[in-house]
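Subject: Structure for you to look through

Dear colleague,

I am handing over the structure below, and my notes on it follow. Please keep it open beside this email while you read.

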Amino acid sequence: MKVKSFRGPRRVVASVAQGRTILRGFWSLFRTRKLLSLGIFAGALALGALVWPYDQSLLEKLHFWPEKQEATAQRIAYFLGTWGDYPTYNLPLVLAIWLYGVGTKSSAWRRVAMVCFLGATLAGLFDDCFRLTLGRPRPDAHVADGFYGIAYTFQGKFQSFPSGHAAAVFGTAASLLVVDLPLGLITTAYALAVVWARMELYRHYPSDVIVGSIIGIYFGLMVGLGVKLRLPRLPKPSSS
C-alpha cells in the first residue's frame, strides 16, 4: 500500500519563498519611493508634534462615560488590549489564515497570511526602534510627560510613543485591505477598537496611537502593494 507523503514541510517552504518574494517587492517599491516614504514619516512626526500639547485634554475627553458605563468600557477595553497585541492577535490571525490556506489547498490564502505577517511584523519592528529608545511615559505612569531616553525604555511604563499595538494592528489591517478587502475591512474596524482601548485604559496618548497607526498603515500598504508589484496578479483567496 502506497503511503502519501506528508506535505506540511513543503507548504512551509513554499510560504517562506512567498515571503521572500513579498519582501523583494516591498524593497523594490521602497527604493523607488524613498522621498515619499520619508515624507510620510516626517508628516507622521509633525502630526504627532501638533497633537502632543493637547494630549492630556484629548485623553480626558475620551472618558465621557457615566460611572457605571465607564466600568463596562474599561472591561471591554481590557479585553481588546489583551487580545489586540502582536502575540495574541496578529500571530494567531496569521496562523489561522495560513492553516485555512493549507486546508483548502489555496496558495492564494497562504500568500495572504504572509502579507498579513510581514505587514504587522515590519510595522512593529520599525515602531520599536522609537518606542524602545525615546522613553515617553505612559499616561498611567504618573510621571511628568516628556522623553526620558533609552535609560528608561526597558521599563514598561516608559514605552508609550509610538503605540506598538497601533502599529501592529494597522500593519495587518492595511495589508489585508490591499489583498483581501472584506477581511481588511473587518480587521480595520478591530484596529480602531484596539487603539481606542489603549487610550481608554490610559496606556497611550492620542499622539502615540496616531503616529503608531500611520506607521502600521504605511508598512501594511507597502507590503500589500509590493506583492502585486513582484508577483502575478493575485488570484481571489477563495480559489484553490
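**The loop between α6 and α7**

Y148 is found in the loop between α6 (107–134) and α7 (164–179), where helices (H or I, at least four residues) and strands (E, at least two) are DSSP runs that are numbered from the N terminus. Before going further, please note that this is a predicted model, in which local features need pLDDT of at least 70 and side-chain atom pairs count only at pLDDT 80 or more, while totals for chains, interfaces and linings use all residues. Residues are numbered from 1 along each chain as its sequence is written, and side-chain values use heavy atoms, with hydrogens and water left out.

With a relative accessible area of 32%, Y148 is partly exposed, a class that lies between buried (under 20% relative accessible area) and exposed (over 50%), with a 1.4 Å probe and protein chains only. Together with V143 and Y152, Y148 forms a nonpolar patch on the surface, and the three have about 230 Å² of accessible area together. Such a patch is made of residues with over 30% relative accessible area and no salt bridge, with nonpolar side chains (Val, Leu, Ile, Met, Phe, Trp, Tyr) joined within 5 Å and like charges within 9 Å; a salt bridge is a side-chain nitrogen of Lys or Arg within 4 Å of a carboxyl oxygen of Asp or Glu. The accessible areas come from the Shrake-Rupley method with a 1.4 Å probe, and for residues only the protein chains shown count as cover.

S163 also has its place in the loop between α6 and α7, but S163 is buried, with a relative accessible area of 0%. Its side chain reaches the backbone nitrogen of A166 at 3.0 Å, a polar contact (a pair of N or O atoms within 3.5 Å, where within protein one must be able to donate a hydrogen and the other to accept it, and residues adjacent in sequence count only if both atoms are side-chain atoms).

**Aromatic rings**

How many aromatic pairs does a search of the whole structure find? The search finds 14, where rings of Phe, Tyr and Trp (its six-membered ring) pair if their centres lie within 6.5 Å, and planes under 30 degrees apart count as stacked, over 60 as edge-to-face and the rest as tilted. One of them joins Y100 and W109 edge-to-face, at 5.5 Å centre to centre and with 90 degrees between the planes; Y100 is partly exposed at 45% relative accessibility, whereas W109 is buried at 15%. Y148 and F158 form another edge-to-face pair, 5.5 Å centre to centre with 75 degrees between the planes. Both residues lie in the loop between α6 and α7, so the pair ties together parts that are ten residues apart in sequence. F158 is buried, with a relative accessible area of 8%. Elsewhere, F26, F41, F126, F130, Y218 and F219 form one aromatic cluster.

**The nonpolar core**

The largest nonpolar core has 43 residues, of which I22, I97, L176, V179, F219 and V223 touch the most other members; a core is a set of buried Ala, Val, Leu, Ile, Met, Phe, Trp, Tyr and Cys residues joined through side-chain atoms within 4.5 Å. Among the elements that give two or more residues to this core are α1 (8–31), α5 (86–103) and α9 (206–230), and α6 gives the most, with nine residues.

Best wishes
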